[in-house]
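Please look over the model shown here before reading the notes, which begin with charges over rings and then turn to aromatic pairs and the chain as a whole.

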Amino acid sequence: MEAIGCWLLAIGDWLLAIGKLKEISEGLKDWRTIVKIVLPLVIGGGILWWMYRDFDWATLERALTSEMDWTWMWLSFPFGILAQVFRALRWRQVLRPLGEHPRLHTSINAIFLSYASSLVVPRVGEVLRCGVLKRYDGVSFSRGLGTVVSERFIDMFIIALLSVGVFVLQIPVFMQFFEHTGVSIDGLVGRFTPTGWLVTAVSVLLIAAMGVYLLRRYELMKRTRAVLKELTEGLLSIRKVDSLGLFLFYSVAIWVCYFLHFYLTFFCFRSTAALGLDVALVAFVVGTFAVLVPTPNGAGPWHFAVKTVLMLYGVSGDDGALFALIVHTVQTLLVAALGVYSLLALSATKPKANTL
């Protein structure tokens, strides 16, 4: 079910990106765009309020000032940065067979900015980074978007493989997780009445109708062949990469760095320092799926998921909540700092001559 959800998300992001091609260029002009910004903040904020409504904030101050081992937090930062650098390197490799040759520093800054912008509007960064390469290096927006979609499918495949492996090794723990969170496939299906199935079917039809509406609204139907051709070129560009081994290395390195960025923070806290690699993998996988909920950097759902997993391994609820709060906040600040750096770096970057 998780893997299917990831594939659906990838397809949904593709449709969303197509729908936003003109909306992004027009800027914040109508209330719908505002809702897209405010609603994720409300959802994430509501979950955070519910989780921390009875939290003893004095423990946060003590942890930050005297109880945490900040050395491990600092050591985790290079891996968070490297994950994004490897993503930029992989993106350049996928673009080369299409005749697109963005500069390395532009590609890295585009990735930094895409992650930072998604803190404000979830997933807008995937579209924005294509715009950055178009603006500074003249890379075709449609081709760039096609490669982004193909990269997302590769990432979802890696996540699916990792999830299956972790799930098989930790089935008892996941069963407890489902029980504690009230998630049960049998229970979920059993709750669907004939009316529920009807509503689901109508919802699917409405989503399809919305996709057609967006295509018509943004007058993309007139350019469908040209746009889809370039999107398809981007999607299929992986077949033509100059080194499949290097591509696989980048793909694996991205997720190894993401994991180490998370795992090293376990050693910052007495409550999690003794937990093993397997616990970190479970929390990492569950947290990765929680981030799919459209809130800024997964705020709220990620906290809840990671706290719940840690509790299953004997960590108290307060300690689990403290871990999630500090780790998520610090790592989000890192993403924001990289975004600020990218803005400064791009402001000092001259576009290629052929893009002027």
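Arg135 sits over the face of Tyr136, at 5.1 Å from the ring centre, where such a placement requires NZ of Lys or CZ of Arg within 6 Å of the ring centre and within 35 degrees of the ring normal. Arg129 likewise lies over the face of Trp91, at 4.5 Å from the ring centre.

This is a predicted model, in which local features need pLDDT of at least 70 and side-chain atom pairs count only at pLDDT 80 or more, while totals for chains, interfaces and linings use all residues. Residues are numbered from 1 along each chain as its sequence is written, and side-chain values use heavy atoms, with hydrogens and water left out.

**Aromatic pairs**
- Rings of Phe, Tyr and Trp (its six-membered ring) pair if their centres lie within 6.5 Å, with planes under 30 degrees apart counted as stacked, over 60 as edge-to-face and the rest as tilted; the count comes to 23 aromatic pairs.
- One of them is the stacked pair of Phe259 and Tyr263, with 5.5 Å centre to centre and 5° between the planes.
- Phe262 and Trp302 have ring centres 6.0 Å apart and planes at 85°, so this pair is edge-to-face.

**Burial**
- Phe262 is buried at 4% relative accessibility, where buried means under 20% relative accessible area, exposed over 50% and partly exposed in between (1.4 Å probe, protein chains only).
- Trp302 is also buried, at 9% relative accessibility.
- Buried residues make up 46% of the 356 residues in the protein chain.
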